Amino acid sequence: MVAAVVAMALVTGLVAGLLLSRPLASWRRRTASSGGRGSRWSMGRLAIPDDQHGGLSGLGRKTIDSLRAGVVVLDPDDVPVLVNPAARAMGLLRTGGTPGSIAAHPLIRTLAGQVRRTGVRREIELDLPRGRDNAGENPLGVHLRAMGLGAGYISVEAVDVTESHRLARVRRDFVANVSHELKTPIGALQLLAEALLDATEPASATAPDLSEDLVAARRFAERIQHESTRLGRLVQELLELTRLQGAEPQPAPEPVAVDWVLAEVLDRTRTTAAARGIQVVTEGEKGLTVYGSDSQLATAVANLVENAVNYSGEGTVVRVATHADDDHVQIAVTDQGIGIAPNDVDRIFERFYRADQARSRSTGGTGLGLAIVKHIASNHGGRVEVSSTLGGGSTFTLRLPASPPDDLATILPSAGIEAGPAELRQV
């Protein structure tokens with residue numbers, strides 16, 4: 001992926017230089033020949049020589065054509081003015097509205113429109129279905145990067161990541177299948193452990209003490225029940241993480257009241273916090289709204305609060321604060337726990353990574369809670385941040401968009417990728 005980013009940066013610089021150097025040189029020549037009265041603008045935008053629409057020549061054109069990354073440059077009217085063979089092979093073009101013309105893929109045009117509106121570079125990685133009826137077995141995985149070149153021109157680079165997406169799907173499917181197969185025997189172990197505990201329980205408080213063998217059997221049954229419960233939770237979280245990573249379509253975003261999320265989190269964590277004498281306090285702004293899945297957002301915040309409770313000392317306070325600015329809603333969870341070492345901060349969102357192995361085992365953690373939080377935040381267009389001092393507690397901040405997400409994905413079901421030359425495809 002680092003190589004892909006470097007290639008994209010090189011492509012952007014090269015395309016910008018090729019497209020903007022010629023118009024500037026042409027304008028200078030016209031200005032010099034007309035005594036400074038030449039106009040830089042044509043029809044309200046920077047003029048581009050006619051030969052740009054037919055393609056560049058020379059070393060620059062050969063360089064762009066040799067790239068494995070697809071390159072599409074759109075003018076202010078979303079008409080492709082520069083396309084290399086890799087972009088054509090990926091199926092990023094369509095037949096235009098007039099005979100003999102071509103148009104960019106709807107996704108490319110949508111991405112370019114967002115860059116023009118916001119002035120911010122956009123990157124997105126997704127799977128596009130192949131074929132007109134979206135029935136292709138192997139979707140095309142692409143990493144798209146759109147950047148403004150000035151005067152309304154947008155450069156879009158596309159890198160084929162189909163193979164890495166295929167391997168990720170294989171891994172997700174394997175984890176999901178194994179987890180499903182483990183659910184039945186784990187459930188059976190839990191039931192057998194409960195039955196064994198019931199069988200070895202004294203008949204009454206006045207009954208004679210249990211024999212040494214029965215005491216040992218009861219101790220083993222309690223341990224089996226504890227470990228099987230922990231294993232069952234691990235399997236459940238693996239399945240949840242698999243769903244968040246794309247094994248199932250994400251639900252359509254809906255308005256979610258942050259006050260409801262906090263109330264649900266307090267209800268979920270009340271028993272665990274009370275057992276350790278920890279008080280969970282909410283503070284900050286009320287009446288805030290975010291957009292997404294209410295159940296997923298409640299799970300993310302609950303995981304942060306449970307993590308804070310597990311790593312805090314008895315009798316301490318965990319604070320959940322809310323705040324909103326123009327663009328984001330922040331939900332910050334602050335504890336008075338053991339903190340995180342600086343060399344562990346960058347890795348705590350990895351699956352199964354534990355900053356304190358012994359403490360994680362004693363609290364029954366699975367090592368997946370923060371990874372789930374990270375994926376939920378990413379799926380909602382947000383992110384999760386952490387600030388921590390070793391021995392001085394930690395603050396995890398969930399930042400979510402305060403406005404509905406751009407409806408970029410809505411065009412995907414009807415915007416499949418078709419193989420073959422552009423002349424055979426329709427917009």
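Reader: Among contacts in the chain between residues at least 6 apart in sequence, what percentage join residues at least 24 apart?

Author: In this predicted model, the figure is 67%. The chain holds 12 helices and 16 strands, and 40% of its 427 residues count as buried.

Reader: Where may one look for a pair of residues that are separated along the chain, such as Val73 and Ile154?

Author: Val73 belongs to strand S3. Along the chain, 81 residues separate Val73 from Ile154, while their C-alpha atoms are 5.6 Å apart. Val73 is buried because its relative accessibility is 0%, and buried means under 20%.

Reader: Which residue lies 19 residues from Pro401 in sequence, and what is the distance between the C-alpha atoms?

Author: That residue is Gly382, and the C-alpha to C-alpha distance is 6.2 Å. Pro401 itself is part of strand S16, which covers residues 393-401. When residues up to four places away in sequence are not counted, Pro401 touches Val290, Tyr291, Asp327, His328, His380, Gly381 and Gly382. One of these, Gly381, follows helix H12 and has a positive phi, near 75 degrees.

Reader: Which residues of helix H12 are buried?

Author: The general idea concerns the geometry of a helix. An α-helix has 3.6 residues a turn, so residues three or four places apart point the same way. In helix H12, which spans residues 369-379, the buried residues are Leu370, Ala371, Ile372, Val373, Ile376 and Ala377.

Reader: How many salt bridges does a search of the whole structure find?

Author: The search finds 12 salt bridges. Arg116 is partly exposed, its relative accessible area being 30%.

Reader: Which strands carry Glu283 and Arg319?

Author: The side chains of Glu283 and Arg319 meet in a salt bridge at 3.6 Å, N to O. Glu283 is in strand S11 (residues 279-284) and Arg319 is in strand S13 (residues 317-324), so that distant parts of the chain, 36 residues apart, are linked by the pair. Both ends are partly exposed: Glu283 has a relative accessible area of 34%, and Arg319 has a relative accessibility of 37%.

Reader: Which residues are linked in a network of salt bridges?

Author: The network links Arg121, Glu123, Arg145 and Glu157. Within it, Glu123 pairs with Arg121, and their closest N and O atoms are 3.8 Å apart. Glu123 is partly exposed at 35% relative accessible area, and Arg121 is also partly exposed, at 44% relative accessibility.

Reader: Is Asp335 buried or exposed?

Author: Asp335 counts as buried because its relative accessibility is 8%, and the limit for buried is under 20%. Asp335 occupies the loop between strand S14 (328-334) and helix H10 (342-345). The side chain of Asp335 reaches the backbone nitrogen of Gly337 at 2.9 Å. Apart from neighbours within four places in sequence, the contacts of Asp335 are Ala308, Ser312, Val317, Val318, Gly393 and Ser394.

Reader: How many cavities of 30 Å³ or more are there?

Author: The count is 1 cavity. A cavity may be read through its volume and then through its lining.

Reader: Which element gives the most to the lining of the largest cavity, and how is the lining divided by class?

Author: Helix H7 gives the most, with 4 residues. By class, the lining has 3 nonpolar, 2 polar and 3 charged residues.

Definitions and conventions: Residues are numbered from 1 along each chain as its sequence is written. This is a predicted model: local features need pLDDT of at least 70, side-chain atom pairs count only at pLDDT 80 or more; totals for chains, interfaces and linings use all residues. Side-chain values use heavy atoms; hydrogens and water are left out. Helices (H or I, at least four residues) and strands (E, at least two) are DSSP runs, numbered from the N terminus. Buried means under 20% relative accessible area, exposed over 50%, partly exposed in between (1.4 Å probe, protein chains only). A polar contact is a pair of N or O atoms within 3.5 Å; within protein, one must be able to donate a hydrogen and the other to accept it, and residues adjacent in sequence count only if both atoms are side-chain atoms. Contact means heavy atoms within 4.5 Å. On a 1 Å grid over the protein atoms alone, a cavity is a set of points where a 1.4 Å probe fits but cannot get out, and a pocket is an open set with protein on both sides within 12 Å along at least five of seven lines; lining residues have an atom within 4 Å of a point. Grid points are joined across faces, edges and corners, and a volume is the space filled by probe spheres set on the points. Ala, Val, Leu, Ile, Met, Phe, Trp, Tyr, Cys and Pro count as nonpolar, Asp, Glu, Lys and Arg as charged, and the others, Gly among them, as polar. A salt bridge is a side-chain nitrogen of Lys or Arg within 4 Å of a carboxyl oxygen of Asp or Glu.
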